[in-house]
Amino acid sequence: MDVKKAAERYQQTNYATLSTIEYVLLLLNECLRYVDIAETAIRTEHKEELYEYISKTQHLLFELMAATSTQLEEGKRLSSFYVYLNQCLVGVRLNKEPEILEMVTQHFVELIESWEVAKQKGRVEKYTTPWI
């Protein structure tokens, strides 16, 4: 039991020390994973699993919305985009259309790629000096 508690404590500390970009990437990758599971569930007609993983994805989207600063225009647009993705997921719950999930998957892939670029740019800016 102590090993389990230690593992949980380690994971909590690990998440608490993530940079903002790493945290966003972690959430987006989990969203992508859950949407992939939901796509499989919709194709195999497992309603309960579909609802479960869409709900999990929605919770992560709400977490992303909460983590997004809306003071700048970019943050407002990103927050609106997360709302749009949530509305798409609501549509999937109601209509059970795999095409919508495919579109949502593509949006998550593009978001992940964009955040990866931002992460790389941040590293370059952080670890280069004007003297080089």
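G122 is located in helix α5; helices (H or I, at least four residues) and strands (E, at least two) are DSSP runs, numbered from the N terminus. The model is a predicted one, in which local features need pLDDT of at least 70 and side-chain atom pairs count only at pLDDT 80 or more, while totals for chains, interfaces and linings use all residues. Residues are numbered from 1 along each chain as its sequence is written, and side-chain values use heavy atoms, with hydrogens and water left out.

At 33% relative accessibility, G122 counts as partly exposed. Buried means under 20% relative accessible area, exposed over 50%, and partly exposed in between (1.4 Å probe, protein chains only). G122 and I21 are separated by 101 residues in sequence. In space, their C-alpha atoms are 9.4 Å apart.

The overall fold was then summarised. The protein has five helices and zero strands. Along the sequence, the pattern reads α-α-α-α-α. Of the 132 residues in the protein, 32% are buried. The protein exposes about 9,100 Å². Carbon and sulfur atoms supply 55% of that area. Accessible areas come from the Shrake-Rupley method with a 1.4 Å probe; for residues, only the protein chains shown count as cover.

Helix packing was examined next. Two packed helices are described by the angle between their axes and the distance between the axes. Axes are lines fitted to C-alpha atoms, for helices over the stretch in contact, and angles run from 0 to 180 degrees between N-to-C directions. Helices α2 and α3 pack at an angle of about 160°. Their axes are 8 Å apart. The angle makes α2 roughly antiparallel to α3. Angles under 35 degrees count as roughly parallel, over 145 as roughly antiparallel, 65 to 115 as roughly perpendicular and the rest as oblique. The crossing of α2 and α3 is left-handed. A crossing is left-handed if the near helix is turned anticlockwise from the far one by less than a right angle, and right-handed if clockwise.

On the α2 side, the contact is made by Y23, V24, L27, L28, E30, C31, Y34, V35, I37, A38, A41 and I42. On the α3 side, E49, L50, Y53, I54, K56, T57, L60, L61, E63, L64 and A67 take part. By class, the contact of α2 with α3 has 18 nonpolar, one polar and four charged residues. Ala, Val, Leu, Ile, Met, Phe, Trp, Tyr, Cys and Pro count as nonpolar, Asp, Glu, Lys and Arg as charged, and the others, Gly among them, as polar.

Helix α3 (residues 47–67) also packs on helix α4 (residues 73–95). Here the angle is about 170°, and the axes are 10 Å apart. That makes α3 roughly antiparallel to α4. The crossing of α3 and α4 is left-handed. From α3, the contact residues include L50, Y51, I54, Q58, L61, F62 and M65. From α4, they include S79, Y82, V83, N86, L89 and R93. This contact has 13 nonpolar, five polar and one charged residues.

N86 lies in helix α4. N86 is buried, with a relative accessible area of 12%. Not counting residues up to four places away in sequence, N86 touches Q58, L61, F62 and M65. L78 is also found in α4. L78 touches T68, L111 and W115, with residues up to four places away in sequence not counted. L78 and L64 are 14 residues apart in sequence, and their C-alpha atoms are 9.5 Å apart. In helix α5, H107 is buried, with a relative accessible area of 19%. H107 touches F81, Y84 and L85, again not counting residues up to four places away in sequence.

Backbone geometry was considered last. Most residues other than glycine have a negative phi. E45 is not a glycine, yet its phi is positive, at about 60°. E45 lies in the loop between α2 (20–43) and α3. At 70% relative accessibility, E45 counts as exposed. K96, likewise not a glycine, has a positive phi of about 55°. K96 is found in the loop between α4 and α5 (98–127). K96 is partly exposed, with a relative accessible area of 30%.

Definitions and conventions. Contact means heavy atoms within 4.5 Å.
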